[in-house]
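Hi,

Here is the structure I promised to pass on.

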Amino acid sequence: MMGDHDHGTDDGDEGTDRAYDVKATPDGGCIAVGFAMTSYFPLRQAFIVKLNSDGDTLWTRLYDDDYEAQAKSIQIDQDGNYIIAGYR
């Protein structure tokens with residue numbers, strides 16, 4: 001997919017981002033889950049990113065608190081809801 005974002009860190013920070021699962025969505029795009037980690041916040045933070053059919057980022061969610069968290073799997077139910085599994 002093509003898009004306007006390189007799907008990595010673009011803030012100059014030498015962090016780590018990793019997607020564990022990606023699913024096609026009914027609108028022709030996709031949704032991915034995984035973790036992000038930066039040098040200024042060294043714990044893994046669960047993330048979700050929704051891309052359109054061109055690969056452009058529609059929205060992202062980052063779950064950061066005082067605990068490490070990773071999103072490992074995503075499913076889409078028959079109503080279009082997202083079900084995310086992982087750990088904290």
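Lys23 is partly exposed, because its relative accessibility is 24% (in this scheme, buried means under 20% relative accessible area, exposed over 50%, and partly exposed in between, with a 1.4 Å probe and protein chains only). Its side chain meets that of Asp21 in a salt bridge, 2.9 Å from N to O; the term stands for a side-chain nitrogen of Lys or Arg within 4 Å of a carboxyl oxygen of Asp or Glu. Asp21, at 13% relative accessibility, counts as buried.

Before I go on, a word on where this comes from: it's a predicted model, so local features need pLDDT of at least 70 and side-chain atom pairs count only at pLDDT 80 or more, while totals for chains, interfaces and linings use all residues. Residues are numbered from 1 along each chain as its sequence is written, and side-chain values use heavy atoms, with hydrogens and water left out.

Searching the whole structure turns up two salt bridges. The other one joins the side chains of Lys50 and Asp27, at 3.1 Å from N to O. Lys50 sits in strand β3 (residues 45-51) and Asp27 in the loop between β1 (16-24) and β2 (30-37), so this pair ties together parts 23 residues apart in sequence. Lys50 is buried, with 4% relative accessibility.

Now the overall layout. The protein has zero helices and six strands, and along the sequence the pattern reads β-β-β-β-β-β. Helices (H or I, at least four residues) and strands (E, at least two) are DSSP runs, numbered from the N terminus.

Four of the strands form an open sheet in the order β1-β2-β3-β4, with antiparallel pairing (two strands pair if DSSP finds at least two bridges between them). The edges are β1 and β4 (57-63); each has a single partner strand, so one side of each is left without a neighbour in the sheet. From one strand to the next, the twist averages 20°, taking axes as lines fitted to C-alpha atoms (for helices over the stretch in contact) and angles from 0 to 180 degrees between N-to-C directions. Antiparallel β1 and β2 are joined by eight bridges, and Val22 stands opposite Ala32 in β2.

What about the inside? The largest nonpolar core has seven residues: Ile31, Val33, Ala46, Ile48, Ala69, Ala71 and Ile74. Such a core is a set of buried Ala, Val, Leu, Ile, Met, Phe, Trp, Tyr and Cys residues joined through side-chain atoms within 4.5 Å. β2, β3 and β5 (70-76) each supply at least two residues of this core. Apart from it lies another core of six residues, including Phe47 and Leu51.

Over in strand β6 (residues 82-87) you'll find Ile83, which is partly exposed at 48% relative accessibility. Not counting residues up to four places away in sequence, Ile83 touches Ser73, Ile74, Gln75 and Asp77. Between Ile83 and Ser73 there are 8.2 Å in space, C-alpha to C-alpha, and the two are 10 residues apart in sequence.

Last, a total: of the 88 residues in the protein, 28% are buried.

Cheers

Note on methods. Contact = heavy atoms within 4.5 Å.
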